[in-house]
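I opened this notebook to keep track of what I looked up in the structure, entry by entry. The entries follow the order in which I went through the chains.

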There are 2 protein chains.
Amino acid sequence: MKQLKDRILKEGKVLPGNIIKVDGFLNHRVDPRLMQDIADEFARHFDLRQVTLVMTAEASGIALATICAHRWGLPLVFAKKAKSDNIEGGLYQSDIFSYTYKKKVTLLVSNEWIQPSDKVLIIDDFMANGEAIRGLVDIVKEAGATLAGVGIAVEKGFQGGGDRLRAAGVDVRSLAIIEQADENGILFRED
Amino acid sequence: MKQLKDRILKEGKVLPGNIIKVDGFLNHRVDPRLMQDIADEFARHFDLRQVTLVMTAEASGIALATICAHRWGLPLVFAKKAKSDNIEGGLYQSDIFSYTYKKKVTLLVSNEWIQPSDKVLIIDDFMANGEAIRGLVDIVKEAGATLAGVGIAVEKGFQGGGDRLRAAGVDVRSLAIIEQADENGILFRED
C-alpha cells in the first residue's frame, strides 16, 4: 500500500537493533484517516461477507481494529493480556512470548464473545516475530471458530513471523513488509 | 444517554465488590456502532472547534477514543503504561495507582505528540477512582497544553473520581453515571 509505505519512509525511524518506530501515526499517536484507508485496503483483499468478527490483541492493535470493525459493520473483540497468574474461568487463553517485555504473556478471550460459528478476521498494526498473532490464531482454534485471515499494517518480514503463518496456510495480508531496516534506510518486500 | 444506560441495564453484570462488567459492548467485545453514537453525544456537549487532539490511556479506552477522533477528524494520542522502571527520555509521565492491578503504573506520552498549542479532549470508556484521568490531566498540564474537557462513557459516581475532577473545575461529561450497583440492581444519577 503506497500511502502507508510513504508514511513509513517519511516519518518512520530506525533505532539500533532493527527497531522501526512508527509511533507518529500508528501506535502512539494515531492518524484515524490513515486507519480508514488501511481498512479499505484490507476490504479489497478479504471477502468480508465471510467475516463475522474482527479480533486483535491489546493494546496498540485496538485503534486500527476498531476502525476496521466500524467500517465493516462488525463487532470487535480484543484479547486481554494477563498481568498475573490469577486466571478466571470461562476464558480461552494462549501463552505467547513478548519480545517487547522479554517475558511470557497470556492472551485471554472470554468464551462468551467468540462462538464456534464465528468467522474471524484478525487485525493488528504490527507483526514482527508473530507471537501475538500466533496466540490469537490459537484462541480462534480453541473456540472452534473459523479463521478468515490475518490483516497486518506493518510486517517486519525479516523476522519471519508472517512467513511462518503463510507456510501454515494462513491468508496473511500485510500492507507494508519491511525486509531491511538499518543505517542505510528501509527496504520493502516487492508486492 | 438513554441508549447507553439501556445497554448497561440489559447486558451489564454486577459482580461482588461493586464491580460492573460491561465487557459485552465496551471493553472486551466492542460495538463500534454504539461507540459512534457515544462520539456524537460528546459532540453535542463539547465545542469540538476548540479541540486539536483526542487523548486516552491504553488499553480499553483506545476503541472509543479512536472512533471519536475518526468521527471528528482529529488525531489521537494514547498514553502508554510503563511496565518497567526503564523510562526513556523525551516523555511526559504521571504516576497513578491502578486499582485493577493493585500497583503503581506510570502513564507515558512522548513530548513529540503533544504541544503547548494543543487543546486536548480526554476520552475514556470507564472512570471509577479517576486515577487514569488524573494522570492524563497531569500530562496535559506538564506539556503546557490546554485541557478542553473529559468525556467518559460510564462513570462509577459512587467512587468519587468524576466529582473530584468537577470540583477542580474540569468539564467532565459522563454519559451514564452509576450511583449504586449491587444485588438490588443498577441505579443511575439523574441527568
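**Entry 1: chain A as a whole**

I began with the secondary structure and found five helices and eleven strands in chain A, where helices (H or I, at least four residues) and strands (E, at least two) are DSSP runs numbered from the N terminus. The radius of gyration of chain A is 16 Å, close to the 16 Å that the globule rule gives for 191 residues, so chain A is as compact as a globular protein of that length; the radius is taken over C-alpha atoms, and the rule is 2.2 Å times the number of residues to the power 0.38. Along the principal axes, the C-alpha atoms of chain A fill a box of roughly 50 × 35 × 30 Å. Of the 191 residues in chain A, 55% are buried, where buried means under 20% relative accessible area, exposed over 50%, and partly exposed in between (1.4 Å probe, protein chains only).

I note for all entries that this is a predicted model, in which local features need pLDDT of at least 70 and side-chain atom pairs count only at pLDDT 80 or more, while totals for chains, interfaces and linings use all residues. Residues are numbered from 1 along each chain as its sequence is written, chains are lettered from A and ligands numbered from 1 in the order in which they are written, and side-chain values use heavy atoms, with hydrogens and water left out.

I looked up A:Asn18, which has a positive phi of about 55° although it is not a glycine, and placed it in the loop between strand 1 (13–15) and strand 2 (19–21) of chain A. At 34% relative accessibility, A:Asn18 counts as partly exposed. In chain B, B:Asn18 has a positive phi of about 55° and a relative accessible area of 33%, so it is partly exposed.

The peptide bond from A:Glu58 to A:Ala59 is cis, with omega near 5°, and A:Ala59 sits in the loop between strand 4 (53–57) and helix 3 (61–72) of chain A. The bond from B:Glu58 to B:Ala59 is cis, with omega near 5°, and B:Ala59 lies in the loop between strand 4 (53–57) and helix 3 of chain B.

**Entry 2: helix 3 of chain B**

How many of the twelve residues of helix 3 of chain B are buried? I found eleven, so the helix is largely enclosed by the rest of the structure; among them are B:Ile62, B:Leu64, B:His70 and B:Trp72. At 1.5 Å a residue (times one less than the number of residues), helix 3 of chain B should span 16 Å, and its end C-alpha atoms are 17 Å apart, which agrees. Just after this helix, B:Gly73 takes a positive phi of about 70°.

**Entry 3: aromatic pairs**

I counted four aromatic pairs over all chains, where rings of Phe, Tyr and Trp (its six-membered ring) pair if their centres lie within 6.5 Å, and planes under 30 degrees apart count as stacked, over 60 as edge-to-face and the rest as tilted. The ring centres of A:Phe97 and A:Tyr99 are 5.0 Å apart with planes at 80°, so this pair is edge-to-face. A:Phe97 is partly exposed at 35% relative accessibility, and A:Tyr99 is partly exposed at 46%. B:Phe97 and B:Tyr99 form an edge-to-face pair, 5.1 Å centre to centre with 80° between the planes.
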